Amino acid sequence: MSGQFEMDALYMAHALRLAERGRYTTAPNPCVGCVLVRDGQIVGEGWHLWVGENHAEVNALHDAGDQARGATAYVTLEPCSHHGRTPPCSQALVDAGIVRLVVAMQDPNPQVAGRGFRMCEDAGIEIVRGVLEADAMALNRGFVARMTGRRPFTRLKMAMSMDGRTAMASGESQWITGPAARDEVQRLRALSSAVVTGIDSILYDDSRLTVRLPEAGEPAVPVPAGRPYRQPLRVVVDTHLRMPVAARCLSEPGRTLIATISTDETKRQVLERAGASCIVLPATPDGQVDLEALWRYLGQQEACNDILLETGATLAGAALEAGLVDEMHLFMAPTLLGPEARPLFSMAGMTAMAHQRHLHIEDVRAFGDDWRILARPRIQ
Ligand code: AOF
Ligand code: ZN
């Protein structure tokens with residue numbers, strides 16, 4: 001017979017797996033899972049699926065019905081205490097007769113932040129906190145970042161050859177990596193609130209930047225039952241408003257936001273009529289869009305938890321130099337593109353070994369014939 005501590009971890013691990021079912025759909029809300037256990041039996045399960053809909057606890061309570069009375073609730077996030085789009089889960093747990101509450105992490109949302117615990121404690125529910133906390137935090141890194149006033153969690157994705165090239169000198173780049181790596185990119189898009197790219201990617205590739213079903217075979221991203229994919233906000237950094245009105249990304253489902261420094265009203269109106277929204281941001285001293293301002297806007301105005309940066313050397317280099325990249329997903333294909341082809345990052349003033357940027361490799365794994373290197377910039 002395992003001890004209470006082990007059993008708590010086991011049920012919490014199950015709740016975390018349920019929470020993961022919402023990873024492509026809950027944004028801007030967090031992924032949350034809940035398991036109700038009575039007399040050593042799971043009597044209810046629930047997870048949060050879509051913003052505006054039932055929270056995990058309410059779904060689990062519905063699942064359990066009368067059997068919730070006297071049960072222990074395992075929840076991956078502190079139950080909410082506020083009337084948001086839905087009523088407070090803490091009250092629902094109290095009303096249902098839950099006697100013990102095991103939680104992985106406190107809710108960083110300032111509207112909750114400990115009040116959910118207090119509400120349950122005041123009603124006489126025994127509380128255990130911090131079970132598998134690191135896993136719950138990892139699942140909601142972007143949500144935690146936004147709620148604690150930091151910029152959105154940012155992943156940079158790039159596809160390169162074995163000689164570190166991302167496109168031919170002409171800009172042609174389709175395709176360097178194979179289908180398995182491209183499927184993974186679909187998953188990265190699907191878990192992101194926004195996909196950011198540069199205008200050059202639109203001009204060369206006419207990228208759609210959407211999450212989509214494959215023409216044949218299994219979809220890379222599970223289709224939410226009876227609904228369309230939740231499309232990330234598409235953000236195009238377009239300093240001088242060069243976006244063509246016929247660009248495919250403007251007519252795809254979901255929204256396209258153009259980030260510019262141009263104040264050309266006529267161009268802006270034309271693009272807005274074609275379906276885009278435009279935002280004029282401050283310029284950097286060298287006349288580019290101030291990326292820090294853009295990231296702030298995406299966090300605060302667009303409630304973005306996670307950003308995927310899918311772009312070429314110039315914007316990738318600028319984002320890296322601005323310290324905006326948390327994780328790099330570099331897909332390396334077994335091919336060579338030669339010295340005329342474009343490099344991964346344009347970074348100014350790197351002439352001595354003392355200028356090198358050190359990375360930390362967290363993981364290397366195969367996707368079909370390609371390798372994905374997951375790296376993180378080291379704090380210098
Ligand atoms: C929970 N269980 O499953 C989730 C919680 O707008 P609302 O009403 O959906 O509230 C969103 C906030 O509720 C969100 O920012 C976070 O603090 C909390 N999310 N809480 O008890 C859940 N998804
Ligand atoms: Zn709730």
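This is a predicted model: local features need pLDDT of at least 70, side-chain atom pairs count only at pLDDT 80 or more; totals for chains, interfaces and linings use all residues.
Let's start at ligand 1. There are 17 residues around it, and Val-32, His-48, His-55, Gly-84 and Asn-109 come nearest. By type, the shell around ligand 1 splits into eight nonpolar, six polar and three charged residues.

Next, the annotated positions. An unreviewed UniProt entry lists Ser-173, Arg-189, Leu-209, Arg-212 and Glu-310 under "binding site". Arg-189 sits in helix H7, residues 179-190, and it counts as buried because it has 24 C-beta neighbours inside 10 Å. Setting aside residues up to four places away in sequence, Arg-189 touches Val-195, Val-211, Pro-232 and Leu-308. Arg-212, on the other hand, is in the loop between helix H8 (199-205) and strand S9 (233-237). With 16 C-beta neighbours inside 10 Å, Arg-212 falls into the partly exposed class.

The largest nonpolar core holds 57 residues, and Ala-194, Val-235, Met-243, Ile-258, Ala-316 and Ala-319 have the most contacts inside it. Helix H11 (residues 313-321) gives this core its largest share, five residues. Apart from that core lies another one, of 46 residues, including Met-12, Leu-16, Leu-101 and Ile-125. As for Met-243, its contacts beyond four places in sequence are Ile-199, Ile-202, Val-236, Asp-238, Ile-258, Leu-271 and Ala-276.

Finally, the backbone. Most peptide bonds are trans, and most residues other than glycine have a negative phi. Against that background, the bond from Ala-27 to Pro-28 is cis, with omega near 10 degrees; Pro-28 is in the loop between helix H1 (4-20) and strand S1 (33-38). The bond from Gln-174 to Trp-175 is cis too, with omega near -5 degrees, and Trp-175 lies in the loop between strand S7 (165-167) and H7.

Two non-glycine residues have a positive phi: Asp-39, at about 50 degrees, and Leu-241, near 50 degrees. Asp-39 lies in the loop between S1 and strand S2 (41-47) and is exposed, with 8 other C-beta atoms within 10 Å. Leu-241, in the loop between S9 and S10, is buried, with 20 such atoms within 10 Å.

How values were computed
Residues are numbered from 1 along each chain as its sequence is written. Chains are lettered from A and ligands numbered from 1 in the order in which they are written. A residue is near a molecule or strand if its C-beta atom, placed from the backbone, lies within 6 Å of it. Ala, Val, Leu, Ile, Met, Phe, Trp, Tyr, Cys and Pro count as nonpolar, Asp, Glu, Lys and Arg as charged, and the others, Gly among them, as polar. UniProt positions are given in the numbering used here, feature names are shortened, and annotations may be inferred rather than shown by experiment. Helices (H or I, at least four residues) and strands (E, at least two) are DSSP runs, numbered from the N terminus. A residue is buried if 20 or more other C-beta atoms lie within 10 Å of its own, exposed if 12 or fewer, and partly exposed in between; C-beta atoms are placed from the backbone. Two residues are in contact if their C-beta atoms, placed from the backbone, lie within 7 Å. A nonpolar core is a set of buried Ala, Val, Leu, Ile, Met, Phe, Trp, Tyr and Cys residues joined through C-beta atoms within 7 Å.
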